[in-house]
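Please look over the chain shown below.

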Amino acid sequence: MGSLKSVALPLLLAFSLLHLPFAESVWFFNYHIHVRNDLPSRNLPPHQPNLLMHCKSKKRDIGDRPMTTGQDYTWDTKINFFRTTLFFCNARWVGHKRRIFDAFYAIRDEDRCSVYHSSCMWSVRPDGIYFSRDNATWFNEYPW
């Protein structure tokens with residue numbers, strides 16, 4: 001009888017957690033992160049990268065990506081149970097500036113990134129790194 005309780009109680013607890021309002025977003029909801037290079041390509045040969053991006057989390061390195069104007073750096077993620085999921089990026093505008101920014105932080109972005117197709121939209125521009133929740137209105141969240 002003791003063994004039935006030791007198995008049934010954890011199963012009952014796990015089943016009840018799956019039905020909490022936050023459970024679906026924590027374990028099943030996919031977020032799309034987009035970082036677009038909107039820097040000018042003045043004085044560069046065609047197809048020469050003017051932005052170097054490197055994005056990663058504690059557990060997952062998305063990698064280095066040289067980007068030309070108009071290119072998009074995209075990946076997907078889910079929020080962990082404790083809502084501590086964090087992806088940060090190092091943006092290096094070749095010959096100009098460098099900035100590290102949080103591209104996805106679960107506590108900050110869970111709601112605001114669910115507005116437009118579950119996407120966090122970023123645009124790297126000459127005066128900073130902009131965020132949009134709807135791909136229409138942009139805010140300079142990380143000035144150079």
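## Strands, pocket and rings

Strand 2 is joined to strand 3 by a hairpin of four residues. The model is predicted.

**Overall layout.** The chain has three helices and nine strands. Reading from the N terminus, the order is α-α-β-β-β-β-β-β-α-β-β-β. Of the 144 residues in the chain, 34% are buried.

**Strand 2 and its partners.** Strand 2 covers residues 51-56. Strand 3 (residues 61-67) runs antiparallel to strand 2, and six bridges join the two. Strand 5 (residues 86-93) also pairs with strand 2, again antiparallel and again through six bridges. Leu51 shows both contacts. Its bridge partner in strand 3 is Met67. In strand 5, the bridge partner of Leu51 is Trp93.

Buried here means under 20% relative accessible area.

**The largest pocket.** The volume of the largest pocket is about 300 Å³. It is lined by 13 residues, and the closest to its centre are Lys59, Asn80, Thr84, Thr85 and Leu86. Two elements, strand 4 (72-78) and strand 5, each give two or more residues to this lining. Strand 5 gives the most, with three residues. By type, the lining divides into four nonpolar, five polar and four charged residues.

**Aromatic rings.** A search of the whole structure finds ten aromatic pairs. Ring pairs link Phe101, Trp122, Phe131 and Tyr142 into a cluster. Two arginines sit over rings, as the table shows.

| Arginine | Ring | Distance from ring centre |
|---|---|---|
| Arg112 | Phe131 | 3.6 Å |
| Arg125 | Tyr130 | 4.4 Å |

Phe131 belongs to the ring cluster, and Arg112 lies over the face of Phe131. For Arg125, the charged end sits over the ring of Tyr130.

**In brief.** Strand 2 pairs with strand 3 and with strand 5. Strand 5 also contributes three residues to the lining of the largest pocket.

How values were computed: Residues numbered from 1 in each chain as written. Predicted model: local features only at pLDDT ≥ 70, side-chain atom pairs only at ≥ 80, totals over all residues. Heavy atoms only, no water. Buried < 20%, exposed > 50% of the residue type's maximum accessible area, 1.4 Å probe, protein only. Pairing = 2+ DSSP bridges. 1 Å grid on protein atoms, 1.4 Å probe; cavity = no way out; pocket = protein on both sides within 12 Å on 5 of 7 lines; lining within 4 Å. Points joined across faces, edges and corners; volume = space filled by probe spheres on them. Nonpolar A, V, L, I, M, F, W, Y, C, P; charged D, E, K, R; others polar. Phe/Tyr/Trp six-rings, centres within 6.5 Å; stacked < 30°, edge-to-face > 60°. Lys NZ or Arg CZ within 6 Å of the ring centre and 35° of its normal.
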